[in-house]
Amino acid sequence: LLCLAQEMRGYYDVDDILAEEERVPVSFEVNAVNLGYLDDSTLDADLKKGTRLELPFWLVEVLAARRLVHVELPRCFSPRSRSQLLADPTIASLHDRNPYFYELGMKLDAIVHDPD
């Protein structure tokens with residue numbers, strides 16, 4: 001019951017909703033039948049294995065749970081970005097990197113298993 005209450009609290013949180021709209025780079029692990037409309041650069045009805053796209057987090061979360069995509073970290077979470085934060089965190093503007101840096105980072109942490 002507590003878990004459901006926490007989940008519902010996020011349901012009405014505007015920042016949470018907007019964070020889930022942030023685009024995340026993925027590559028498809030399988031041939032995706034009838035999902036070609038997700039890629040504006042092709043007229044094919046299907047997406048081939050290895051196709052790279054940026055999709056909203058809410059869709060990435062579902063596709064990753066079904067192991068249909070490999071999730072890549074957005075640029076704001078790249079090793080270079082992390083190095084800059086470690087070098088001098090006082091001058092780094094996280095909002096400039098991504099307006100929902102913390103919210104998106106916490107959500108990505110649940111689906112991306114990156115040792116760094």
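Tutor: Start with one cut-off: a residue is buried when its relative accessible area is under 20%. This is a predicted model. Keep both in mind.

Student: What makes strand 1 largely enclosed by the rest of the structure?

Tutor: Count its residues against the cut-off. Five of the six in strand 1 are buried, so the rest of the structure largely encloses this strand.

Student: Why does Ser 27 count as buried?

Tutor: Its relative accessibility is 13%. The limit is under 20%. Therefore Ser 27 counts as buried.

Student: Where is Ser 27 found?

Tutor: Ser 27 belongs to strand 1, which covers residues 23-28.

Student: Which residues does Ser 27 touch, not counting those up to four places away in sequence?

Tutor: Contact here requires heavy atoms within 4.5 Å. By that test Ser 27 touches Gly 50, Thr 51, Arg 52, Leu 68, Val 69, His 70 and Glu 72. His 70 also stands opposite Ser 27, in strand 3.

Student: Why is Glu 29 called partly exposed?

Tutor: Buried needs under 20% and exposed needs over 50%. Glu 29 has a relative accessible area of 37%, so it is partly exposed. Glu 29 sits in the loop between strand 1 and strand 2.

Student: How far apart are Glu 29 and Lys 49 in sequence and in space?

Tutor: They are 20 residues apart in sequence. In space, C-alpha to C-alpha, the distance is 5.4 Å. Lys 49 is also one of the contacts of Glu 29, once neighbours within four places are left aside.

Student: How many bridges join strand 1 to strand 3?

Tutor: Three, and these two strands run antiparallel. At least two are needed, so strand 1 and strand 3 also pair. Phe 28 has Val 69 as its bridge partner in strand 3.

Student: What order do the strands of the open sheet have?

Tutor: The order is 2-1-3, with antiparallel pairing across three strands.

Student: What makes strand 2 and strand 3 the edge strands?

Tutor: Each pairs on one side only. Strand 2 covers residues 52-56. Neighbouring strands of this sheet are turned against each other by 45° on average, direction ignored.

Student: Which helix lies across strand 1, strand 2 and strand 3?

Tutor: Helix 3 does, and it runs at about 115° to strand 2.

Student: Which residues of helix 3 are buried?

Tutor: They are Phe 57, Leu 59, Val 60, Leu 63 and Ala 64. Seen down the axis of helix 3, these buried residues fall within an arc of 155°, so they line one face of the helix. Their cover includes helix 2, strand 1, strand 2, strand 3 and helix 6. After helix 3 comes Arg 67, with a positive phi near 60°.

Student: How do you know that the buried residues of helix 6 line one face?

Tutor: First, name them: Phe 101, Leu 104, Lys 107 and Leu 108 are buried in helix 6, residues 101-111. Seen down the axis, the buried residues fall within an arc of 140°, so they line one face of helix 6. On the other side, Tyr 102, Met 106, Asp 109 and Ala 110 are exposed. Exposed means over 50%.

Student: What do the buried residues of helix 6 pack against?

Tutor: Their partners are helix 2, strand 1, helix 3, strand 3, helix 4 and helix 5.

Student: How many helices and strands are in the protein chain?

Tutor: Six helices and three strands. Along the sequence the pattern reads α-α-β-β-α-β-α-α-α. Of the 116 residues, 32% are buried.

Terms used. Residues numbered from 1 in each chain as written. Predicted model: local features only at pLDDT ≥ 70, side-chain atom pairs only at ≥ 80, totals over all residues. Heavy atoms only, no water. Helix = DSSP H or I, 4+ residues; strand = E, 2+ residues; numbered from the N terminus. Buried < 20%, exposed > 50% of the residue type's maximum accessible area, 1.4 Å probe, protein only. Arc of directions from axis to C-beta. Axes fitted to C-alpha atoms, helices over the stretch in contact; angles between N-to-C directions.
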